[in-house]
Amino acid sequence: MNKKSLNEHRYFFGEGTETRAYEFLGSHFEGDRVVFRTWAPNAQAVSVVGDFNGWNSEANKMENINGIWETEIKGLQEGAYYKYSVKGHDGSICFKADPYAVHSQTAPETASILYRMGDFGWTDEKWLKK
């Protein structure tokens, strides 16, 4: 299966027909950096906050590309806690967990956790054949 390009993901997401948004939204390790993307079309500003930047909304601002906010941060480690800092048009700021996170803290805590998906070795072939 061929992976879609980022532009194809954006196109199909905007069209409302994207079926694999998890491939580009959320947090993804790419070499020595982590790419973050989230959908927040009505936000005034969005940034990534976490234990790696003191939960500082000014530290890692994201760029808005047609409602999809994105940034990359180098040097982050698997297991780091993060959220999105979303600034509304009224100036209010709230921290939101990543809806596309693949790992999260246990309730009542709510931070998303950086996790490398990697090449998981599925072992359910026998079950799938049934």
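This is a predicted model: local features need pLDDT of at least 70, side-chain atom pairs count only at pLDDT 80 or more; totals for chains, interfaces and linings use all residues.
Student: OK, how many helices and strands does the chain have?

Tutor: The chain has 2 helices and 8 strands, where helices (H or I, at least four residues) and strands (E, at least two) are DSSP runs numbered from the N terminus. Read from the N terminus on, the elements run α-β-β-β-β-β-β-β-β-α.

Student: And what box do the C-alpha atoms fill?

Tutor: Taken along the principal axes, the C-alpha atoms fill a box of roughly 55 × 35 × 30 Å. The accessible surface of the chain comes to about 8700 Å², and 50% of that belongs to carbon and sulfur atoms; such areas come from the Shrake-Rupley method with a 1.4 Å probe, and for residues only the protein chains shown count as cover.

Student: What share of the residues counts as buried?

Tutor: Of the 130 residues, 35% count as buried, a word that means under 20% relative accessible area, whereas exposed means over 50% and partly exposed lies in between (1.4 Å probe, protein chains only).

Student: Let's go inside, then. Which residues have the most contacts in the largest nonpolar core?

Tutor: That core has 16 residues, and those with the most contacts inside it are Phe-36, Val-46, Val-48, Met-62, Tyr-84 and Leu-114. A nonpolar core here is a set of buried Ala, Val, Leu, Ile, Met, Phe, Trp, Tyr and Cys residues joined through side-chain atoms within 4.5 Å.

Student: Which strands supply at least two residues of this core?

Tutor: Strands β2 (33-39), β3, β5 (68-74) and β6 (81-87) each supply at least two, and the largest share, 3 residues, comes from β6.

Student: You listed Met-62 there; what does Met-62 touch?

Tutor: Not counting residues up to four places away in sequence, Met-62 touches a list of residues including Phe-36, Arg-37, Thr-38, Val-46, Val-48, Trp-69, Glu-70 and Tyr-84, with contact meaning heavy atoms within 4.5 Å. In the chain as a whole, residues 24 or more positions apart account for 59% of the contacts with a separation of 6 or more.

Student: Thr-38 is on that list. Is Thr-38 buried or exposed?

Tutor: Thr-38 counts as buried because its relative accessibility is 9%. Thr-38 has its place in strand β2, and, leaving aside neighbours within four places in sequence, its contacts include Leu-25, Gly-67, Ile-68 and Pro-99.

Student: How far apart are Glu-70 and Thr-38?

Tutor: They are 32 residues apart in sequence and 6.7 Å apart in space, C-alpha to C-alpha. Glu-70 is found in strand β5, and Glu-70 counts as buried because its relative accessibility is 16%.

Student: Which side chain does Glu-70 meet in a salt bridge?

Tutor: The side chain of Glu-70 meets that of Arg-37 (3.2 Å, N to O), a salt bridge being a side-chain nitrogen of Lys or Arg within 4 Å of a carboxyl oxygen of Asp or Glu. This pair links distant parts of the chain, since Arg-37 is in strand β2 and Glu-70 in strand β5, 33 residues apart. Arg-37 is buried, and so is Glu-70.

Student: How many salt bridges does the count come to?

Tutor: The count comes to 4 salt bridges. One of them joins the side chains of Arg-33 and Glu-72 (2.3 Å, N to O); Arg-33 lies in strand β2 and Glu-72 in strand β5, so the pair ties together parts that are 39 residues apart in sequence. Glu-30, Arg-33 and Glu-72 are also linked in a network of salt bridges.

Student: Where does Trp-55 lie?

Tutor: Trp-55 lies in the loop between β3 (45-50) and β4 (63-65), and Trp-55 counts as partly exposed because its relative accessibility is 31%.

Conventions: Residues are numbered from 1 along each chain as its sequence is written. Side-chain values use heavy atoms; hydrogens and water are left out.
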